[in-house]
Amino acid sequence: MDLYELTIAGAMEKMRAGEISSVELTQSCLDRIEQVEGSVRAFITLDQEGALERAQVADAMRRSGRDGLLCGIPLTVKDLLCTKGMRTTCGSKILENFIPPYDATVVERLKAQGGVLLGKVAMDEFAMGSTSESCAFKIPQNPWKMGYVAGGSSGGSAAAVAAGECLASLGSDTGGSIRQPASLCGIVGLKPTYGRVSRYGLVAFASSLDQVGPLCRDVRDCALMLNVIGGYDPRDSTSVHREMPDYSSALVEDVRGLRVGIPKEYFVEGLDPEVEGVVRKGINVLREAGAEIVDVSLPHTDYCVAVYYLIAPAEASSNLARYDGVHYGIRDMNADSLIAMYKDTRSVGFGAEVKRRILIGTYALSSGYYDAYYKKASQVRTMILQDFQKAYEKCDVLISPVTPTPAWKMGENIDDPLAVYLSDILTISANLAGIPGMSVPGGFSRDGLPIGIQLQGPHFREDTLLRVAYTLERGIGVAGCAKVC
Amino acid sequence: MKISREEVEHVAHLARLHLSDAELQKMTAQLDTILSYVQKLEELDTVSLPPTTHAFSVCNAFREDEVQESLSQQESLACSPQHTEEMFQVPRII
């Protein structure tokens, strides 16, 4: 086994026992990157030299008896989390030269625990997409099968973790952007409850939906990462002041007494039979482990895509108004008036998907259409929230597929945005309701593509999700690193 | 048609975007498809329902009004494509 294949917990154990150093571990990841990055294409920015320096510092810290929870662990972060002195592009040409003067809170927390940042990984432009194909710089491939999408928008995070280029990564999830790529790449991804993790320094897409979370190779690592990044932050006014449990203590292989709900609307026509088979197998694992399986209904599931593709673009159109060529990012220097400068800068800087969503959002918020579109969507959002509240009276956790199909070929549906939007149907509701959600590896398709299982829980019950996820993982096993060939 | 080419052109102006003829044609068709799809929300009666803007809202995140450390003027200006030592620069307005 090569060092890059270790989990965080495994690597920490070996480093603490003095068997390996962070420099050796980091070098193993850098060698792996050298070997597979030509195919995986996960990195927008790779900082080899800085990473090795940070690894040396981590080794010195450990020798002096001051090792944090991630001391010496090679990590990456999605390129929409601000990193002081390291370029942060958000996958967009408009920010291609942006070097933030500060760290996002979550990045600060990784660093404070001794994490070794290798670089910044690819994503759909402004996190708007489900395949990472709208990234202006690099489009990651699925490490399990070349020519297939890694998912999105945190596709670079998922691909890098699955390929062994880093041990774990941070992504963001606005409509499934952590869970979906985690599922398509055979790793564990967690979207925490809205407000659990600080978003200070996260480039905003849709502020009532965005949440930061980890992508890891197993459930234990996910709990560890959440312990590091979670908790109140006075710099994010949506951050919730609420005690945080030690999530590692939720890692018990025991689901006796837990009620696991199967939302019937998530098992509908269009669901790939192989995906359904994997999820049914997961349900059996939990049943055999002593969980009570109950049928539940989320009757407004069919409306969530329509709600999401009004609310998210509306918020995005407002958030992205800040890219005006004045304070940071690129500017078109030829324009002779202010309005022309705004228009030229934004038209050159934004890609097609971002423009499309800005237009939908601006339209939905414009005078005369606000009630019919934005307000209506916000009211239906209330119905979706109530669906979950009712379901959680009957169960503690929901189990379902993450995506209707395994990963698809790159370039498919590139001119049919609605078809891609519809593939988000199983992940979007969690963001609209603000609840936590997870994707855990469930198995592989006959074509060798990973298939994940989704768990969703009530607000702030990440501990229950982790407990169920851990039990599933014990029953099913982990996917490990992809060979990449 | 849910949206016309002229409406898309107007919305693009509001959002400070230029669209080429080809872009305008494509965007109009795509926006029309998307807006026709979201029409399905009309099936639901929402008359008495309050809208949800935040699924888990925090009310009034206050803090003491104390001066804290913040970015220096120099750091704030450093990211700007055009600036003097103390100001952001933009094309002439008046």
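In the predicted model, the buried residues of helix 11 of chain A pack against elements of both chains: helix 9, helix 12 (371–394) and helix 13 (417–422) of chain A, together with helix 1 and helix 2 of chain B. Helix 11 itself spans residues 352–365 of chain A. Its 14 residues reach 20 Å from the first C-alpha to the last, close to the 20 Å expected at 1.5 Å a residue. The helix is mostly covered, with twelve of the 14 residues buried. Among the buried positions are the charged residues Lys355(A), Arg356(A) and Arg357(A), as well as Val354(A), Ile358(A), Leu359(A) and Ile360(A). The buried set also includes Gly361(A), Thr362(A), Tyr363(A), Ala364(A) and Leu365(A).

Two of the partners of helix 11 of chain A, namely helix 9 of chain A and helix 2 of chain B, also approach each other across the chain boundary. The axes of helix 9 (residues 304–319) of chain A and helix 2 (residues 21–38) of chain B come within 9 Å and cross at roughly 125°. Angles from 65 to 115 degrees count as roughly perpendicular and those over 145 as roughly antiparallel; the two helices are therefore oblique to each other. Their crossing is left-handed. Helix 9 of chain A contributes Ala306(A), Tyr309(A) and Leu310(A) to the contact, and helix 2 of chain B contributes Ile34(B), Tyr37(B) and Val38(B). By class, these residues comprise six nonpolar, no polar and no charged.

The contact between the chains as a whole takes 56 residues from chain A and 41 residues from chain B. On the side of chain B that touches chain A, the elements giving two or more residues are helix 1 (5–14), helix 2 and helix 3 (73–78) of chain B. Helix 2 of chain B supplies the largest share of this side, seven residues. The side of chain B that touches chain A divides into 28 nonpolar, nine polar and four charged residues.

A further helix pair lies within chain A. Helix 8 (residues 273–288) and helix 15 (residues 462–476) of chain A pack at an angle of about 105°, with their axes 9 Å apart. These two helices are therefore roughly perpendicular to each other. In this contact, Gly282(A), Val285(A) and Leu286(A) of helix 8 of chain A meet Val468(A), Thr471(A), Leu472(A), Gly475(A) and Ile476(A) of helix 15 of chain A. The contact of helix 8 with helix 15 of chain A has five nonpolar, three polar and no charged residues.

Conventions:
Residues numbered from 1 in each chain as written. Chains lettered and ligands numbered in written order. Predicted model: local features only at pLDDT ≥ 70, side-chain atom pairs only at ≥ 80, totals over all residues. Axes fitted to C-alpha atoms, helices over the stretch in contact; angles between N-to-C directions. Helix = DSSP H or I, 4+ residues; strand = E, 2+ residues; numbered from the N terminus. Parallel < 35°, antiparallel > 145°, perpendicular 65-115°, else oblique. Left-handed = near helix turned anticlockwise from the far one by under 90°. Contact = placed C-beta atoms within 7 Å. Expected span 1.5 Å × (residues − 1). Buried ≥ 20, exposed ≤ 12 C-beta atoms within 10 Å, placed from the backbone.
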